[in-house]
Protein chains: 2
Amino acid sequence: MTVASDPLALDRQVCFALVVASRTVNAIYRPLLEPMGLTHPQYLVMLALWERAPRSVRELSDVLQLDPGTLSPLLKRLESAGYVRRERDHRDERMLAVTLTEAGAVLRARAERIPPAIVATLGMDLAELEQLHASLTRVIDAARTAQSDT
Amino acid sequence: MTVASDPLALDRQVCFALVVASRTVNAIYRPLLEPMGLTHPQYLVMLALWERAPRSVRELSDVLQLDPGTLSPLLKRLESAGYVRRERDHRDERMLAVTLTEAGAVLRARAERIPPAIVATLGMDLAELEQLHASLTRVIDAARTAQSDT
DNA sequence: CGCCAATCATTGGTGCACCAACGATTGGTG
DNA sequence: CACCAATCGTTGGTGCACCAATGATTGGCG
């Protein structure tokens, strides 16, 4: 069986390309985020909080498609970094209210320079990136639909 | 600032779509791989070995774009699962020769049913998946070029 | 021929990511 | 009003993933 016709050929697997692309692009962010004291997952949480705060763990979990058990220690690290405060919601003591600190809010200005820097580094066409984004969104929807239908 | 014009809007970040797509598609594989006793990264290693074996850790690291330090314990788990053997290369004792066991070779037949099952589950157009694959490949190349130019 | 830099795999540390189990809180229902 | 099921966040366990440091082996160069 030739590589071209083998359905198990590594370089034909979309899942492989997806995983490698995710890791590789992540590596591009790393040196840009490191001076801000953020990892990429932490950066995504900050994006969510800059859009709207306070938010509960559950809410962040929904938006970021992330397990609450993953978020819990991550938020503690963001807290000890001084970017976030974790308080109980007065109305419902079960929930956590994650709010931005002053330092966390200020950080947004520096973060605004990141997306253009990434695009410049990749040196890719904006149109292609948008088309990729649309395609990825369709895959996510398809996978989530399949998930919930189980 | 509206969400539509905000460059930091979460749902406009390609990196976010990439990470979520990677995790979500991974979740689709999980129930299919679990009865075979494989995780998704282990599945990718097996794909590489079914294409060619024996291979050294370094070789697998290159092909899979994965840190040797990640591969090392993963291969040990594949060994204790009985799919792989880890021996030193006679010609160069520094290198490891990772070979398939009989069970590992036989497993390929079951694995062949996975890609079509995934495509069916996603219910997506084959043409779109191929186009996504091509797009991801370009991103990987762009990111890797940027990486090595640093 | 003996040393030395390069190569290779492993190890330890930090941080993600998922799952299952748990304890606290809450709101509805008998 | 008292229970009970649902919700929420946390915890512990396993497995990835990266980085830096380490130790063994090798091949070249003086």
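In this predicted model, DNA strand C is surrounded by 26 residues. The closest are Thr39(A), Gly69(A), Ser56(B), Arg58(B) and Gly69(B). By class, the surface near DNA strand C holds 10 charged, nine nonpolar and seven polar residues.

The two protein chains also touch each other. Contacts link 49 residues of chain B with 48 residues of chain A. On the chain B side, at least two residues each come from helix H1 (14–33), helix H2 (40–51), helix H6 (114–122) and helix H7 (126–149). This side of chain B comprises 33 nonpolar residues, 10 polar residues and six charged residues.

Chain A contains seven helices and two strands. Its elements follow the order α-α-α-α-β-β-α-α-α from the N terminus. The radius of gyration of chain A is 19 Å, whereas a compact globule of 150 residues would have one near 15 Å. Along the principal axes, the C-alpha atoms of chain A fill a box of roughly 65 × 40 × 25 Å. Of the 150 residues in chain A, 31% are buried. Among chain A contacts between residues at least 6 apart in sequence, 39% join residues at least 24 apart.

Methods. Residues numbered from 1 in each chain as written. Chains lettered and ligands numbered in written order. Predicted model: local features only at pLDDT ≥ 70, side-chain atom pairs only at ≥ 80, totals over all residues. Contact = placed C-beta atoms within 7 Å. Helix = DSSP H or I, 4+ residues; strand = E, 2+ residues; numbered from the N terminus. Nonpolar A, V, L, I, M, F, W, Y, C, P; charged D, E, K, R; others polar. Near = placed C-beta within 6 Å. Rg over C-alpha atoms; globule rule 2.2 N^0.38 Å. Buried ≥ 20, exposed ≤ 12 C-beta atoms within 10 Å, placed from the backbone.
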